[in-house]
Amino acid sequence: MYNEDQQIEDTMNAINLMYENIGDEMSVEQLETIRDRHETLINQSIFWLQSNNKTRYIYDLRDFANWLFKYIQWDKNDE
């Protein structure tokens, strides 16, 4: 079975890949939106991990990854 630690690592790797490939065409405002959303994720992550709730942490991590995927419009690459 796919354990929680592997899910966290894989999702974080996906987020890092997206960050590494954010194009120069993004505006400062768009980058600030990403930063703000990421800061929220960090604060939520601290809470859930201190509460020993990895399931909720994974949910929030995946939610951020899905949001970022759409926000940088990688979901449009297949069209």
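Buried means under 20% relative accessible area, with exposed over 50% and partly exposed in between (1.4 Å probe, protein chains only). This is a predicted model: local features need pLDDT of at least 70, side-chain atom pairs count only at pLDDT 80 or more, and totals for chains, interfaces and linings use all residues. Residues are numbered from 1 along each chain as its sequence is written, and side-chain values use heavy atoms, without hydrogens and water.

In α3, the buried residues are Tyr57, Ile58, Asp60, Leu61, Phe64, Ala65, Trp67 and Leu68. Their cover includes α1 (4-20) and α2 (28-50). Helices here are DSSP runs (H or I, at least four residues), numbered from the N terminus.

## Length and end

Helix α3 holds 18 residues (54-71) and should span 26 Å at 1.5 Å a residue; its end C-alpha atoms lie 25 Å apart, which agrees. The expected span is 1.5 Å times one less than the number of residues. Gln73 follows α3 with a positive phi, near 65°.

## Packing against α1

α1 and α3 pack at about 20°, with axes 10 Å apart. That makes α1 roughly parallel to α3 (angles under 35 degrees count as roughly parallel, over 145 as roughly antiparallel). Axes are lines fitted to C-alpha atoms over the stretch in contact, and angles run from 0 to 180 degrees between N-to-C directions.

## Packing against α2

The α2 and α3 axes come within 9 Å and cross at roughly 170°. The two helices are therefore roughly antiparallel. Contact means heavy atoms within 4.5 Å. Among the α2 residues that meet α3 are Ile34, Leu41 and Trp48.

Key
Parallel < 35°, antiparallel > 145°, perpendicular 65-115°, else oblique.
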